[in-house]
Amino acid sequence: MGYIAGRYAALDIGTVTCRLLVADVGAAGEVSVLAKRYAITNLGQGVDATGRLSEEAMGRVRATVASYMETLAALQAETGVPAKLTAVATSAARDAENADEFRAMLAGLGVTLAVIPGQREAALSFLGAGSAFAGEPVVVVDIGGGSTEVVGGIAGADPQLARSFDIGCRRVTERFLHADPPAPDELAAARQWTYGQFAPYFQKLRDAGLGGARLVAVAGTATTVVSVRDAMEVYDSARVHKSQVTRSQLDEVYRRFASVPLDARRTIVGLDPGRAPVIVAGMVILQEVLEAAGADSFTVSESDILEGIILNAAAGFPSGGCD
């Protein structure tokens, strides 16, 4: 794949987080990060039950995106180089009947938003995560707030199999986990539902010859496991990237989260307090991914859909599109 060298920006508006990446891309596809921003905005709060984005949630995202646009303007003023912005929204906006209202709100900030389907989200996640494991068979797992994408293939090539599941840490929390801390029967129900959807697909991956592929987990649930395991008072992206996590380490972090009420969970070193309400569900999903995959470990990647969006744009494809 050829790339058009230049400066690119990716805006990813998910169910829980809103993130920005600005990077220079070389002709060979090398990505040099200039700025990265992250905020928990909870766009998908209540969407699973109501089918609508709330005014409050949209307002939170708008304020965050406005600050990101200021970041882009400041960077351009400093360097004289504009960034080509691609903005996408995923599960929460896909599910919401008033997504057009949300698009119009961001258009007022000069942002053209593409609400991308799950298959496209999966492909972009694979493109971004695969950039760190070129030529290796991988299964990429992207656990979000409203959906989880599982994509298998040779990193750097087109995916062999891709599936977006309507399983995410906010969706699972709102459907199943109501006690504080979550009750055993709630957790059991969440596990049964999650595993039941994952298991047949992971059998397809095995049938396609990807049973022994490296399991690569991206996004906040996976990176949180490392930051909590290593008691990071200050998040260190370099230490997180390509970290190996065993099933026993994952289970230990899960127990720390699931055994305490929300207020205590917020104080655990390495956990963003804003993620505390949905992190138990995220751990359950990740555990059931390993269970369905028959895996005893996974690799965490800091390269994810943001890098995928940027590489996709640098390859000359339209907003949210990919080959």
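**Entry 1: a strand pair.** I started with β10 and β11 (residues 297-301), which pair in the antiparallel sense over 3 bridges. I keep in mind that this is a predicted model. Which residue of β11 stands opposite T246? I looked it up, and T246 faces S297 there. A reminder to myself: strands of a sheet pair through backbone hydrogen bonds, either parallel or antiparallel.

**Entry 2: the whole sheet.** How many strands form this open sheet? I count 6, and their order reads β8-β7-β6-β9-β11-β10, with mixed pairing. At the edges I find β8 (161-165) and β10 (244-246), each of which pairs on one side only. From one strand to the next, the twist averages 25°.

**Entry 3: the largest pocket.** Then I turned to the pockets. The largest one holds about 710 Å³ of space, and 39 residues line it. If you want to find its centre, look for R19, Y38, A219, G220 and R275, the lining residues nearest to it.

**Entry 4: who lines it.** Which element gives the most to this lining? My answer is α8, with 5 residues. I also see that β2 (17-25), β3 (31-40), β6 (137-143) and α8 (220-229) each supply at least two lining residues. By type, I sorted the lining of the largest pocket into 17 polar, 11 nonpolar and 11 charged residues.

Notes
Residues numbered from 1 in each chain as written. Predicted model: local features only at pLDDT ≥ 70, side-chain atom pairs only at ≥ 80, totals over all residues. Heavy atoms only, no water. 1 Å grid on protein atoms, 1.4 Å probe; cavity = no way out; pocket = protein on both sides within 12 Å on 5 of 7 lines; lining within 4 Å. Points joined across faces, edges and corners; volume = space filled by probe spheres on them. Helix = DSSP H or I, 4+ residues; strand = E, 2+ residues; numbered from the N terminus. Nonpolar A, V, L, I, M, F, W, Y, C, P; charged D, E, K, R; others polar. Pairing = 2+ DSSP bridges. Axes fitted to C-alpha atoms, helices over the stretch in contact; angles between N-to-C directions.
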